[in-house]
Amino acid sequence: MAEVLVLDTKEAGAALVADHIASLVRDNPRATLGVATGSTPLPVYQALGERRAAGVDFSQASAFALDEYVGLPDGHVESYRAVIDREVTQRLGMDPERVHVPDGSQVGIESAGERYEQAMIAHGGVDIQLLGIGSTGHLGFNEPGSSFASLTRVKTLTEQTRRDNARFFASLDEVPMHCVTQGLGTILRARHLVLLAFGEGKAAAVAAAVEGPVSASMPGSAIQLHPKVTVVLDPAAASALRHRDYYRWAQDNKPDWQGI
Ligand code: GLP
């Protein structure tokens, strides 16, 4: 079962995750981080920036991003390559050569998924994967119906996801129709999954992912198949969980040595 941690604020949740990642990188400077885009992980990146300022060295660490839009012009500020570069690579002082994002350029798009899978496998996989969850329940850009065995590939975004992400673009028309995303099977290979969700808007998707039936119709429910999952929530995002009293009880009575 996933461990569900409910923190008073998203900042507190982000600090918990950042402390864990910082100690991972201190123990293994060459650790590999799985990084996500969207607004949810931003406080984690901010907290990691503070850990860097306090002396944690990320220059030997590597990162793999979950996904990328297809067909945005090179260097577009909302391409996930650009977002990861701003929010993660530069902020943490990572080596850009060690930070990988799927290639969303139109030329060669047919092989983009396979190339990314090969790069991940050759590298030795991801130690800790940060995940947000979309309002459709998507992980990365694995929309409902995605196979739990799926690998990195081109997908068509749902209209709902395009509308959700239109806030980053001048208009809905500018939101790409396609993406390259790690598959659910790719994500499940990471050694530790950390799913973050904050705010009431995520409560239904979180409850379905954590407690609902395991179903391809709810891509987030794939986390139930992974042996090591930490779900970090604020009270609003946890509000629809049936067993939230038990999660709180387990959290309050957790052995100190366990960590996340
Ligand atoms: C995008 C990303 C997902 C992310 C989701 C939720 O669609 N591809 O990885 O989890 O948005 O975004 P937010 O965290 O902004 O709610």
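# Packing, pockets and sheet

User: What do the buried residues of α2 pack against?

Analyst: They pack against α1, β2, α3 (80-92), β6 and β9. Buried here means under 20% relative accessible area, with exposed over 50% and partly exposed in between (1.4 Å probe, protein chains only). Contact means heavy atoms within 4.5 Å.

User: What kind of model is this?

Analyst: This is a predicted model: local features need pLDDT of at least 70, side-chain atom pairs count only at pLDDT 80 or more, and totals for chains, interfaces and linings use all residues. Residues are numbered from 1 along each chain as its sequence is written, and side-chain values use heavy atoms, leaving out hydrogens and water.

User: Which residues of α2 are buried?

Analyst: Pro 43, Val 44, Tyr 45, Ala 47, Leu 48, Gly 49 and Arg 51. Helices (H or I, at least four residues) and strands (E, at least two) are DSSP runs, numbered from the N terminus.

User: How far apart are the end C-alpha atoms of α2?

Analyst: They are 17 Å apart, which agrees with the 16 Å that its 12 residues should span at 1.5 Å a residue. The expected span is 1.5 Å times one less than the number of residues. Just after α2, Gly 55 takes a positive phi of about 115°.

User: Which α1 residues are buried, and what covers them?

Analyst: Gly 13, Ala 14, Val 17, Ala 18, His 20, Ile 21, Ala 22 and Val 25 are buried. Their cover includes β2 (32-35), α2 (42-53), β6 (128-131), β9 (193-197) and β10 (229-233).

User: What lines the largest pocket?

Analyst: It has 20 lining residues, with Gly 38, Ile 133, Gly 134, His 138 and Lys 202 nearest its centre. By class, that lining has 6 nonpolar, 10 polar and 4 charged residues. Ala, Val, Leu, Ile, Met, Phe, Trp, Tyr, Cys and Pro count as nonpolar, Asp, Glu, Lys and Arg as charged, and the others, Gly among them, as polar.

User: How much space is in the second largest pocket?

Analyst: About 230 Å³. It is lined by 14 residues, and those closest to its centre are Glu 68, Asp 74, Asp 103, Gly 104 and Ser 105. That lining divides into 5 nonpolar, 5 polar and 4 charged residues.

User: Where does Ser 105 sit?

Analyst: In the loop between β5 and α4 (112-123). Ser 105 counts as partly exposed because its relative accessibility is 34%. Its C-alpha is 8.6 Å from that of Tyr 69, 36 residues apart along the chain.

User: What bridge partner does Tyr 69 have in β8?

Analyst: Cys 179. Strands β4 (67-69) and β8 (178-181) run antiparallel and are joined by 3 bridges. β7 (153-156) also runs antiparallel to β8, with 4 bridges. There, Lys 155 has Cys 179 as its bridge partner. Two strands pair if DSSP finds at least two bridges between them.

User: In what order do the 7 strands of the open sheet run?

Analyst: β1-β10-β9-β6-β2-β3-β5, with parallel pairing. The edge strands are β1 (3-6) and β5 (99-100), each pairing on one side only.

User: Last one. Is Gln 90 buried or exposed?

Analyst: Exposed, because its relative accessible area is 53%. Gln 90 lies in helix α3. Leaving aside neighbours within four places in sequence, Gln 90 is in contact with Arg 52 and Asp 85.

Technical notes: On a 1 Å grid over the protein atoms alone, a cavity is a set of points where a 1.4 Å probe fits but cannot get out, and a pocket is an open set with protein on both sides within 12 Å along at least five of seven lines; lining residues have an atom within 4 Å of a point. Grid points are joined across faces, edges and corners, and a volume is the space filled by probe spheres set on the points.
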